[in-house]
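Visitor: I have a structure to go through with you. Could we start with the interior and then turn to the charged side chains?

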Amino acid sequence: MGENRDNDAEMMLRVKSGDMEAFELLVDKYKQPVMNLIYRTLPDRTEAEDLTQTVFVQVYKSAQRYEESAKFTTWLYAIARNRCRDAERTRATRRREVPEDATTEPPSELNEALATLDTRDARHVVKTLMDEVLDETEKQVMTLHYGHEM
């Protein structure tokens, strides 16, 4: 890249050699854009702020592995997207956890109500529940396993 090297890559190379001031400049420059990217994926401001910090911790920890093969921002946003995916997986796991005090037997009124649904209504209920509870990958797995008539 030589003389055409972008300023961000220069800064990251300085970070790689231990320059904390360069790291602080990169954080100041990209903190808000990274948080905006994360917030669009996970619309919870507190979680977006926490994840933004996690991204920059990862940038710092990964500085020694940084290569100029791509633009700095490409590398930075890839880290941010990966942390978002991790957070989404964690959210999906939390949604599936059942509280200890939850009953395993549904109320009998619910059983009676479900028994009266016709097949079309049951499919609609299942699809609605899948949309509320499962992420895209899980929905695809369920659809492939049980068929497209869901």
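Visitor: Which residues touch the most other members of the largest nonpolar core?
Guide: This is a predicted model. In its largest nonpolar core, which has 27 residues, Met-12, Val-34, Ile-38, Val-55 and Leu-76 touch the most other members.

Visitor: Which elements give two or more residues to this core?
Guide: Those elements are helix H1 (7-16), helix H2 (20-41), helix H3 (45-61) and helix H4 (72-96). The largest share, nine residues, is that of H2.

Visitor: Take Ile-38. What is in contact with Ile-38, leaving aside neighbours within four places in sequence?
Guide: With those neighbours set aside, Ile-38 is in contact with Ala-48, Leu-51, Thr-52, Val-55, Ala-80 and Cys-84.

Visitor: Thr-52 is on that list. Is Thr-52 buried or exposed?
Guide: Thr-52, a residue of helix H3, has a relative accessible area of 4%. The limit for a buried residue is under 20%, so Thr-52 is buried.

Visitor: Which backbone oxygen lies 2.7 Å from a polar atom of the Thr-52 side chain?
Guide: That oxygen belongs to Ala-48. Leaving aside neighbours within four places in sequence, Thr-52 is also in contact with Lys-31, Val-34, Met-35 and Ile-38.

Visitor: Now the charges. How many salt bridges are there?
Guide: The count comes to six salt bridges. One of them joins Asp-8 and Lys-29, with the closest N and O atoms 2.9 Å apart. Asp-8 lies in helix H1 and Lys-29 in helix H2, so this pair ties together parts that are 21 residues apart in sequence.

Visitor: And the accessibility of that pair: buried or partly exposed, for Asp-8 and for Lys-29?
Guide: Asp-8 is buried, at a relative accessible area of 9%, whereas Lys-29 is partly exposed, at 47%.

Visitor: Which residues are linked in a network of salt bridges?
Guide: Arg-83, Asp-86 and Arg-89 are linked in such a network. The side chains of Arg-83 and Asp-86 meet at 2.9 Å, N to O, and those of Asp-86 and Arg-89 meet at 2.8 Å, N to O.

Visitor: What is the relative accessible area of Asp-86 and of Arg-89?
Guide: The value for Asp-86 is 28%, so Asp-86 is partly exposed. Arg-89 is partly exposed as well, with a relative accessible area of 49%.

Note on methods. Residues are numbered from 1 along each chain as its sequence is written. This is a predicted model: local features need pLDDT of at least 70, side-chain atom pairs count only at pLDDT 80 or more; totals for chains, interfaces and linings use all residues. Side-chain values use heavy atoms; hydrogens and water are left out. A nonpolar core is a set of buried Ala, Val, Leu, Ile, Met, Phe, Trp, Tyr and Cys residues joined through side-chain atoms within 4.5 Å. Buried means under 20% relative accessible area, exposed over 50%, partly exposed in between (1.4 Å probe, protein chains only). Helices (H or I, at least four residues) and strands (E, at least two) are DSSP runs, numbered from the N terminus. Contact means heavy atoms within 4.5 Å. A polar contact is a pair of N or O atoms within 3.5 Å; within protein, one must be able to donate a hydrogen and the other to accept it, and residues adjacent in sequence count only if both atoms are side-chain atoms. A salt bridge is a side-chain nitrogen of Lys or Arg within 4 Å of a carboxyl oxygen of Asp or Glu.
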